[in-house]
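Please go through the structure below along with this report.

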Amino acid sequence: MDTKDLLKKVRKIEIKTRGLSNHLFSGEYHSAFKGRGMAFSEVREYQIGDEIRTIDWNVTARFNHPYVKVFDEERELTVMVLMDVSGSENFGTQNQQKQDLATELCAVLAFSAIQNNDKVGVIFFSDKIEKFIPPKKGRSHILMIIRELIAFQPENKGTNVAEALKYFTSVIKKKCTAFVISDFITPEFENELKIANKKHDIIALKLYDKHEEEFPNLGLIPVKDEESGHIMWVNTGDKAVRDAFKWDAVKRNAALQDAFRRSGVDYTTIGTHESYVKPLMTLFKKREGRR
């Protein structure tokens, strides 16, 4: 892709995702991802309903009257996006490939974050760490991220979410919010997810294509594994083959959901055949309701 085409594509994604983050996600994002830190603000007299644990005993003893500490929420967040750039992300039989969907998701989250005065950084991963963009603020930083997302060519084709999470917990020291965008067709990663989610606030966005989970009846077709390059001929005309493929996907998805639940991680699934607006809004509102 030449520079002119690349810039045109960046601009197109910016217009769409910036508009969405301005009109749809700004309030929801703010409510769902408030800064978790608390900064001491002032001391005031105790009022009925104040929590006992906020009483400042030194000031109370001095004035012989109960006083409480008041804290302000620290608004500024660091938002990290862990982006799967493996071969399987090039799969897509519906409106778009998973990689296109991932690019837009990353852009809309990044614009929502900078509107909120948050820093944004990205880790690109396959079965190794491909690139790390440290967190920064500002529109030019986001445009650079989008440019990288469109033009990036990974060295490896495989997927390893555990490696990405390990690297993330080692380089990001301060507590942050992190979105893992992947199809999660990967070796075991639950242990690394639990460790990462104890220190940070992890949200999983699972991308999928309908035909990864259910074969249509197309007769004998070649199926290529984008990560290994292996081609296999599959008889999709055979109902038993289609049923076995679907059952495998159901089991895989159930195991993945269990891993997210056990790790205490919020997640949603987004298909290449649908708009990501509704799943994201639902996720944000769910989080907002719990705060």
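## H141 and helix α4

H141 is buried, with a relative accessible area of 5%. Buried stands for under 20% relative accessible area, exposed for over 50%, and partly exposed for values in between, with a 1.4 Å probe and protein chains only. H141 belongs to helix α4, residues 139-151. Helices (H or I, at least four residues) and strands (E, at least two) are DSSP runs, numbered from the N terminus. Contact is taken as heavy atoms within 4.5 Å.

## Basis of the model

The model is predicted: local features need pLDDT of at least 70 and side-chain atom pairs count only at pLDDT 80 or more, while totals for chains, interfaces and linings use all residues. Residues are numbered from 1 along each chain as its sequence is written, and side-chain values use heavy atoms, with hydrogens and water left out.

## Overall figures

The protein has nine helices and 10 strands. Its C-alpha trace spans about 85 × 45 × 35 Å along the principal axes. Of the 291 residues, 46% are buried. Among contacts between residues at least 6 apart in sequence, 73% join residues at least 24 apart.

The accessible surface comes to about 15,200 Å², and carbon and sulfur atoms hold 52% of that area. Accessible areas come from the Shrake-Rupley method with a 1.4 Å probe; for residues, only the protein chains shown count as cover.

## The six-stranded sheet

Six strands form an open sheet in the order β5-β4-β3-β6-β7-β10, with mixed pairing. The edges are held by β5 (129-136) and β10 (266-271), each with a single partner strand, so one side of each has no neighbour in the sheet. On average, neighbouring strands of this sheet are turned by 15 degrees against each other, direction ignored. Two strands count as paired if DSSP finds at least two bridges between them. Strands of a sheet pair through backbone hydrogen bonds, either parallel or antiparallel.

Within the sheet, β3 (residues 78-84) and β6 (residues 177-182) pair in the parallel sense over five bridges. L82 has V180 in β6 as its bridge partner. Helix α5 (residues 161-171) packs on the sheet and touches β3, β4 (119-125), β5, β6 and β7 (201-208). The direction of α5 makes about 35 degrees with that of β5. Axes are lines fitted to C-alpha atoms, for helices over the stretch in contact, and angles run from 0 to 180 degrees between N-to-C directions.

F184 lies in the loop between β6 and α6 (190-199). This residue is buried, at 6% relative accessible area. Leaving out neighbours within four places in sequence, the contacts of F184 are V161, F189, A204, L205, K206, L256 and F260. F184 and D84 are 100 residues apart in sequence, and their C-alpha atoms are 8.6 Å apart in space.

## Salt bridges

The whole structure contains 15 salt bridges, each defined as a side-chain nitrogen of Lys or Arg within 4 Å of a carboxyl oxygen of Asp or Glu. One of them joins E163 and K166 at 3.5 Å, N to O. Both residues lie in helix α5, three residues apart, about one turn of the helix. E163 is partly exposed at 33% relative accessible area, and K166 is partly exposed at 45%.

E190 and R262 meet in a salt bridge of 2.8 Å, N to O. E190 is in helix α6 and R262 in helix α8 (residues 239-263), so the pair ties together parts 72 residues apart in sequence. E190 is buried, with a relative accessible area of 11%.

The salt bridge between R287 and D201 has an N to O distance of 2.5 Å. It links distant parts of the chain, with R287 in helix α9 (residues 277-290) and D201 in strand β7, 86 residues apart. Both R287 and D201 are buried. A network of salt bridges links R11, E14, R18 and R139.

## A nonpolar surface patch

L220, I231 and W233 form a nonpolar patch on the surface, with about 370 Å² of accessible area together. Patches are made of residues with over 30% relative accessible area and no salt bridge; like charges are joined within 9 Å, and nonpolar side chains (Val, Leu, Ile, Met, Phe, Trp, Tyr) within 5 Å. I231 lies in strand β9, residues 231-235, and is partly exposed, with a relative accessible area of 49%.
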